[in-house]
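Open the model in your viewer and follow the stops below. Each one says what to select and what is there.

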Amino acid sequence: MHRDIVIVGGGPAGLTAAELLAQQGLAVGLVHKGPLGGELPSLLWVDGVPGLDAPINGAELASQLIDRAQAAGVTFISREATALELYSRSAVVALSGHGFVQGSAVVLAMGRRRILGKDFRKFEGRGLIGCTACDAGFYRGETVVVCGAGHGGAIDAINLAIHAERVILVERSNELGCSPELAEQLHRNSVIEIMLSSEVSGAGATASGAIDAVHVNMKDVGPRTLPATGLSIQVGRMPETEFLDSGVGLDREGLVETDECCRIPASRIFAIGEVRAGSARTFASAISDARAAAHSILSNFSGMA
Ligand SMILES: Cc1cc2nc3c(=O)[nH]c(=O)nc-3n(C[C@H](O)[C@H](O)[C@H](O)COP(=O)(O)OP(=O)(O)OC[C@H]3O[C@@H](n4cnc5c(N)ncnc54)[C@H](O)[C@@H]3O)c2cc1C
């Protein structure tokens, strides 16, 4: 299959770039694994959306972006990108199963994936919370633990506190890593308890394998067991760049290094959103990356085969 531009990843960054480029008459193929929308459908609300004064439900925001990309004429290709090959006048993205899609330029928008150690993977569907927007209601009246007090962990704790009786937010460092505004919301919320200088080390299970406790190591205090039926892990997100070949410059964390137009210098490859080194890791920054890349593509690649 040939398209003018190939986009890999169907989160807010990929959907927005696809819409902007297709609106200008380019044939855009968007390769996505799993449902469209990236992180958004799992979020009860997203704040800081440009043009909105109030937070918006993540699934609703995702469906707006999907509808707009669809209306602009984007071709959705529901497959995983498994390799990227660079040629002098094009780039080719190999697809899972078989086949490929070729374009004059490729935009990488794969976000970052949650990394789960094997100790926790076995609790998927058994108390390990994968999608807070989908699952929060199941924890009504229960105790849940959120691991990691960065932006994602803080928002997760606030959302879980709507239903849960007790939310314990466990953070390894001695301070919260989220914004002061979120920190204030955490401190004001009587359902949420914060454990700093503490690390989640494992979970205990019932006979059927469901979480019934979370083990925590508290610095200067030692191990503690917290009775809890749910655990949300909001640390250790890694970029999804394993399939890229050595022609793509990655930093030590595996993030794609680009210039200020989100382009790998002198190449046909762009990287936008959370997969880009230096990303602010917000919805607004994903959109602003998508705009910068679309603008650069329209100036440099439009009409090239
Ligand atoms: C709990 C939490 C709360 C948040 N709350 C907010 C908030 O309130 N406000 C805010 O501004 N931001 C918030 N964020 C951050 C925001 O969601 C992200 O910055 C944004 O989703 C990043 O968009 P993206 O398109 O770069 O990546 P993603 O949304 O991660 O999308 C990437 C997509 O690419 C797909 N993909 C990966 N590899 C491949 C491949 N090889 N082939 C095909 N597809 C692939 C992935 O499956 C995924 O669907 C939050 C994040 C979390 C985790």
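**Whole chain**

Start with everything selected: of the 305 residues in the chain, 42% are buried. Buried means that 20 or more other C-beta atoms lie within 10 Å of the residue's own; exposed means 12 or fewer, partly exposed is in between, and C-beta atoms are placed from the backbone. This is a predicted model: local features need pLDDT of at least 70, side-chain atom pairs count only at pLDDT 80 or more, and totals for chains, interfaces and linings use all residues. Residues are numbered from 1 along each chain as its sequence is written.

Switch to cartoon. The chain has 7 helices and 17 strands. These are DSSP runs numbered from the N terminus: helices are H or I with at least four residues, strands E with at least two. The radius of gyration is 21 Å, close to the 19 Å from the globule rule for 305 residues, so the chain is as compact as a globular protein of that length. That radius is taken over C-alpha atoms, and the rule is 2.2 Å times the number of residues to the power 0.38. The C-alpha trace spans about 60 × 40 × 35 Å along its principal axes.

**The ligand**

Now select the ligand and its surroundings. Its shell holds 35 residues; the closest are Gly9, Gly11, Gly38, Gly111 and Gly273. A residue counts as near if its C-beta atom, placed from the backbone, lies within 6 Å. Helix 1 (12-23), helix 5 (151-160) and helix 7 (283-300) are the elements giving two or more residues to the shell.

Colour the shell by type: 15 nonpolar, 12 polar and 8 charged. Here Ala, Val, Leu, Ile, Met, Phe, Trp, Tyr, Cys and Pro are nonpolar, Asp, Glu, Lys and Arg charged, and the others, Gly among them, polar.

Where does the ligand lie relative to domain 1 and domain 2? Select 5-113 + 237-300 for domain 1 and 118-233 for domain 2: both give residues to the shell, so the ligand lies between them. The bounds come from an automatic or database domain assignment.

Go to strands 4, 5 and 6. These 3 strands form an open antiparallel sheet in the order 4-5-6. Strand 4 (81-86) and strand 6 (100-103) are the edges; each has a single partner strand, so one side of each lacks a neighbour in the sheet. Strand 4 pairs with strand 5 (91-95) over 5 bridges. Pairing requires at least two DSSP bridges. Glu85 stands opposite Val92 in strand 5.

**A covered strand**

Finish at strand 10 (166-170). Of its 5 residues, 4 are buried. Strand 9 (143-147) pairs with strand 10 in the parallel sense over 5 bridges. Cys147 has Val170 in strand 10 as its bridge partner.
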